[in-house]
Amino acid sequence: MKILVPVKRVIDYNVKVRIKQDGSDVDLSNTKMSINPFCEIAVEEALRLREAGTASEVIAVCIGPKIVKEQILAALAMGADRAIRIDVEEQPEPLVIARLLAKVAEQEDAGLIMMGKQAIDSDNNQVGQMLAGIMGRPQGTFASVVKIEGDEALVTREVDGGLQTVALKLPAIVTADLRLNEPRFTKLPDIMKAKRKPIAETTAADLGVEVTSTQQQLSVAAPATRQAGIKVASVDELVDKLKNEAKVI
Amino acid sequence: MDTPERESIEFDVVIVGAGPSGLSAACQIKKQAAEQGKEVNVCVLEKGAEVGAHIFSGAVIETKALDELFPTWKEDGFALGQPVAKDEVYLLRDESRATELPHWAVPPSMHNDNNYIVSVANLCRWLAEQAEELGVEIFPGFTAADVIFDDNGKVCGVATGDMGVGADGEPGPGYTPGMDILAKYTILGEGCRGHIGKGIIKKFALDSDADPQHYGIGFKEIWQVPESQHKPGLVVHGSGWPLSKGMGGGFFLYHAENQQVFVGLIIDLNYANPHVSPFDEFQRLKHHPIIAETLSGGERITYGARAITKGGLNALPKLSFPGGMLVGCDAGTLNFSKIKGVHTAMKSGMIAADAILEALGTDADEKGTTNFQQLFEQSWAYQELYNSRNFGPALHKFGPIVGGGYNWMEQKIFGGKPLLKLRDSKEDYACMEPASAHIKIDYPKPDGKLSFDKLSSVYISNTYHEEDQPCHLKLTDTSIPIKQNLPRFDEPAQRYCPAGVYEVVESDGEMQFQINGQNCIHCKTCDIKDPAQNITWRPPEGGGGPTYPNT
Amino acid sequence: MKTLVIASHNNATLSPVTLAAVSAALKIGASFDIFVAGKGCAAVAEEAAKVDGVSAVLVADHDALAYQGAENLAATLQANAEGYSHIVAPATSVMKDALPRLAALLGVGQISDITGVNGEAEFVRPIYAGNAIATVTSSDAVKVITVRTSAFDAAPTGAGTGAITAVDNAVDCGLSRVVSEEIAQSERPELASASIVVSGGRGVGSEENFALIEKLADRLNAALGASRAAVDAGFIGNDHQVGQTGKIVAPDLYVAVGISGAIQHLAGMQGSKVIVAINKDPDAPIYEVADYGLVGDLHDLVPELEAKLASVL
C-alpha cells in the first residue's frame, strides 16, 4: 500500500507572528519557515507504518513554488521515499488543494492519505475532509492512534469529551492530531541522502485542476489587547462579581 | 549511559558554525578546489535551527572580504543591505543632553563611507546558499558537542550532540545518538567564546603568549519606526551616558531598509560594579532623546544579545592546532577600532581555506598542520589588527575621553603606527569588585513603550529549547553561587545574563540558585563574566536557542 | 437567502452551543431552519423548534446517523441543502469533521471557526493560532460556516414555534463504522477543554501548599494548571503547565494564584474569558490582564475563597 503525505510550508511554530503595517496580511519577511508540525507528525506515522511492513512506499507531496523544496527535503530526510511538488505560486484555497491532492492520489493509487489535521497558519482544518468527500472515501480525523488491520484502518480520534475509535474501509484519509506520535530526529546522513531522492514536478494544469478562488482576505489585525480590569477589596467582593457580574460561576 | 554505538562519517573538512567565517571558509575551499581540479568534501555544522538563527550583530560592514570571495555579488543581484549615507557620533552627557562630535574629531576607523548596514544573519543565509550550490553540506540543527582526538593528540573531527536525552540524563523515547564527523581538518568558527574553541585554546596553550582575551556584551533590538523618523543609511555611534565612569562601551543606531532601525549597546565585560545590569543599561539608553526621537511610536520587532571578542591583536591566540584552526571571533579577529569583525572574520575563513588546500594531500595532512598562521599574518586582516592593537587597551587604560583622544592621535597623526605597547593583562572576570564596595543601582522600571522587561524581551527572540533535556549550563561547584557569589557579589549572574536564566530564589526558607536554561540565548556572557569562573556553557540539544530574524 | 443551522446534540438534548450558531445565523440576517440529524432524536427536534425565530426544523432520524459520522452526515446534508444560501454549524468535533466534507460535495469552500459576522458574505476568524484576526469574504453560492461557540452569546430560545418535518433521505455511505467510544471520566476536567482553570505559580511556595490550589480547583470543578516556575520548582508535574511552552487554554474563568504574569505565561491563557489574579505584589504584570485582581497573601485568601464558594455554589 502506498501512503501519500501532503506537507505544507508554514511559519515556524516558535516564531512570533507579526502583522504588516498596512494590515493586509501577516508579515512573513525575515521569518523562519518550517514544515507544518501536524504534517511532520503525519510523515512520522506513515514512516512507522512502512517500517511495520504495512506500507510499501511513503510519498510526500507539497504545493508551492520552488522554495518549498526545503520542506520536501525535510520530509525526505525523515525517510519519505520520494516526493512530488505541485508548482503553484500562491497557496490555493483548501477546496483546490483537495482537488489537486485527489488527482495525485488517484495517479499514485495511494491506499492511505495521511495528513496533518490543519496548518498552523490558516487553521482551516478542511483539506483532509474535503479530499475524502471528493474521493468518496472514509475519513478518520484528529487521529491519536492509527492501526491497519486487513483492509481497514482503525483510527482512534480525539473528539469533544473523549476518544472515539472508527474502522475505515481502505482506501481512506486520516488526519493527524498532536498526540499521534513524536516525530523522529533527522539523522545527518539522511539529510545527505534526501538530496538524491527523486522529486517529481507537476502543475495544476497537468493535473487538470483549475485554480479558482472564492474567498478573499480583506484585512488582518492583531487580536484585541486585554485591558486591566479592577482590583477587588475582598474575597466576598470577588465572589459576588464572578457570580453576578461576570456570571462565570 | 548505555548507548548504541555511534556512527561516523568522513569529510575532508568539517567546519563548526555557519557564521561569516565558517561559511567563507567553506565557499573558498570549494571554489579553490574546483580551480585546482581537486575534490574536497566540506560540511558545516550549525547548532541553530536554521542558518542565521543564532547570528547576532550590529552591523555596518566593509565589503572587502565579500568582494574578494564573490566579486560579482552585486551584479548577481544580492541585496546586501542599506548603503551607508551618513555617519554621526555623539557623546551622551546625561539622560537628556548630547554633544555631537564634528567629523574631523572622529577617528578615521569610524568613518563608514562605502560601507553597508546589513543583517549579518541574512548575509550568512546568502553565503549558505552559495556554499550549497558549490557543494558544501550544511547541517542546521546539529551541535558540535565535543572535539575528537586521535591517538596522537591531533584533532580529527567533532562529535555531534545526542538528541532526545531526558532531563535526568537518560535516553528519552526519541533518543538519537550523535555522530562522529571525522575530518582531516576542523575549522572552529563558533563565534565569540565558542565552547570547543575555549577548550582547544586551553588544551594546546594557544594563548600562552597573548594577553587574556577581552570581551563585551552587545545588545540589539530591531525596531520598525514611523516613516518620518526613518533616515535610511544613517549610522549613529556614541558613548557616555548611561555608562558610568569606568565602564567601557558605546551605543549604535543604524537606519536600515524597510523602515527598520537597529539599536544597540555594547558594554565591556571588564566592568567592576557587580550591581550593574547591562540589560537595564540598554533599556534606559533608549530613553535618551537622541535614540527616543527615532524609536518613539515604533514597534519593537526583536531583541537579543551576544558576547563580543574585542581583545584585538594583543589577545589573539595562536590560530592553528594539530588538525585545525580557529577563525573569526572564535579566534578574536574583530577590529575594535572600527567595531567591525565581519570582514576580518570572513577573510580569516578564506585564508584558512587556502591554507588547507595547500596542505591537503601533502605530508602536512598527517600532523594536521598548515601554514594558516603565516598566511594570516601576511593578510590585510592581520594588518588591521596590528594597526588597531592599542585601541581597546587605550580605552581600558585611559577611559573613553583620553583613550579616544589617544586613538585619534595614533590614527590621524601617526597613521596607525602604534605609539606605545599597551597591554591589558587583567582577565575580565577578575575585574569584578565586591558588592559592598559599590552602591546598588536603582534602574528605572520599563515603560512598556521604549523600554521593556527581560522576559518579554526574551519572548521576542523566539527562543525555544526542548523542555525535557539536561540543563546545558554546568556549574563546576554547585555551592559557589549561594555560598560565595551571593555574599561577595550579590550573585551578579542575576544581572549580567541578558535572558533571565539565573535567579536567586527563596525556597523553604533557603536561598537557591535557579537556572532557567530554556531562556538561554546562547550569548556566552556567563561563561565569561562569572567571577568564580564556575559556569561552563555547553551546547543544548541541537536546534534550540533563539530564532533571530534579520539580526 | 436562507440559512440552515445544523444542531449539535447527543440524541437526547440540544446542546447549548447550537444557540451560538443560531446567534451567528441571526447576524447573517436571513431566516433560518435547524437541521437535526441523529437516531432517536425527536426530543432534540422539539427543543430546536422552540428556538426563537426558527422557521422550520428538519429531522433526519436514522440508524446511519446514530453517531453523526462525517460521511453519512455530510451526504445527508448534501441531499437537503437545496435552497439554502448559508449552512452554519457550531465548531464541535462532529461538525469540524463533517462540514468541510459537505462543502466539497457541494463544490464550495468553507469558512472555519468564525468569531464575527460583518454581513452575509463577510466574516471574521482567527488565524495563526489566534495571533492574528482575519476578515474574509466569500463569493460562494452556498456559504458553509463553522462557528467558534465561545465567541457568540446563546441566542434566545423558548418562544420559537418552528414546524418539525421529518426528512426521509438520510444517506448511509457504508464507508466506516464506530468501534468504540470513551468519554473522559477523570475526576478533574481536562486542562485543554475545561471551562474553569485554577493555576498556581511560584508564589504558592511549595508542593505541600499546592494542595490549597487543588482544593480551590475542586470546589470550582476546575482543571488544575501551573506556571512554568511552579513546575520547575517541583510543586506539580509539567502536564499542568500553562504557557508558551505548555498548554494554551481559553476557559470561561482562569484563576491565577501566585503567578506574576510573565508574557510566556500570558501566551497560554490570555484568551480566557475572565481572568482573576491573586498575588501579594500589587505591581505584578498579571494585573494588567486580569479582569478582577485581589492583592494579598494567597495562603490566607485562597482558603477564604474556597470556603466562601462552598457556601455560595
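1. **Cover over α5(B).** The buried residues of α5(B) are covered by elements of chain B that include β14 (215-224), β16 (249-255), β17 (260-268), α6 (289-295), α12 (454-459) and α14 (493-496). This is a predicted model. Helix α5 of chain B runs over residues 278-285, and eight of its eight residues are buried, so the rest of the structure largely encloses it. By name, the buried residues are Pro278(B), Phe279(B), Asp280(B), Glu281(B), Phe282(B), Gln283(B), Arg284(B) and Leu285(B).

2. His288(B) sits in the loop between α5 and α6 of chain B. It has 23 C-beta neighbours inside 10 Å and therefore counts as buried; the cut-off is 20 or more. Its contacts, leaving aside neighbours within four places in sequence, are with Leu92(B), Glu95(B) and Trp241(B). Ala98(B) is 190 residues away from His288(B) along the chain, yet their C-alpha atoms are separated by 8.9 Å.

3. **Chain B overall.** Chain B contains 15 helices and 24 strands. For its 551 residues, a compact globule would have a radius of gyration near 24 Å; chain B has 23 Å, so the value agrees. The C-alpha trace spans about 60 × 60 × 45 Å along the principal axes. Of the 551 residues, 57% count as buried. Take the contacts in chain B with a separation of 6 or more: residues 24 or more positions apart account for 78% of them.

4. **α1(B) against α3(B).** Helix α1 (residues 20-35) and helix α3 (residues 120-133) of chain B pack at about 20°, and their axes are 9 Å apart. Angles under 35 degrees count as roughly parallel, so α1(B) and α3(B) are roughly parallel to each other. Their crossing is left-handed. On the α1(B) side, the contact is made by Pro20(B), Leu23(B), Ser24(B), Ala26(B) and Cys27(B). On the α3(B) side, it is made by Val120(B), Leu123(B), Cys124(B), Leu127(B), Ala128(B), Gln130(B) and Ala131(B). By class, this contact of α1(B) with α3(B) has ten nonpolar residues, two polar and no charged ones.

5. **α4(A) against α4(C).** This pair joins two chains. The crossing of α4(A) and α4(C) is right-handed. From α4(A) come Gln129(A), Met130(A), Ala132(A), Gly133(A) and Ile134(A). They meet Asp97(C), Pro100(C), Arg101(C), Ala103(C), Ala104(C) and Leu105(C) of α4(C). In this contact, seven residues are nonpolar, two polar and two charged.

6. **α2(A).** How many of the ten residues of helix α2 (residues 69-78) of chain A are buried? Seven are, so α2(A) is largely enclosed by the rest of the structure. The buried residues are Gln71(A), Ile72(A), Leu73(A), Ala74(A), Ala75(A), Leu76(A) and Met78(A). Just after α2(A), Gly79(A) has a positive phi of about 145°.

7. **Chain A with chain B.** The contact takes 16 residues from chain A and 21 from chain B. On the chain B side, β8 (137-140), β11 (163-165) and β12 (171-176) each supply at least two residues. Of these, β12(B) gives the most, with three residues. By class, the side of chain B that touches chain A has twelve nonpolar, seven polar and two charged residues.

8. **Chain C overall.** Chain C has eight helices and 16 strands. Its C-alpha atoms fill a box of roughly 60 × 40 × 40 Å along the principal axes. Of its 313 residues, 56% count as buried. Among contacts in chain C between residues at least 6 apart in sequence, 66% join residues at least 24 apart.

Terms used: Residues numbered from 1 in each chain as written. Chains lettered and ligands numbered in written order. Predicted model: local features only at pLDDT ≥ 70, side-chain atom pairs only at ≥ 80, totals over all residues. Axes fitted to C-alpha atoms, helices over the stretch in contact; angles between N-to-C directions. Helix = DSSP H or I, 4+ residues; strand = E, 2+ residues; numbered from the N terminus. Parallel < 35°, antiparallel > 145°, perpendicular 65-115°, else oblique. Left-handed = near helix turned anticlockwise from the far one by under 90°. Contact = placed C-beta atoms within 7 Å. Nonpolar A, V, L, I, M, F, W, Y, C, P; charged D, E, K, R; others polar. Rg over C-alpha atoms; globule rule 2.2 N^0.38 Å. Buried ≥ 20, exposed ≤ 12 C-beta atoms within 10 Å, placed from the backbone.
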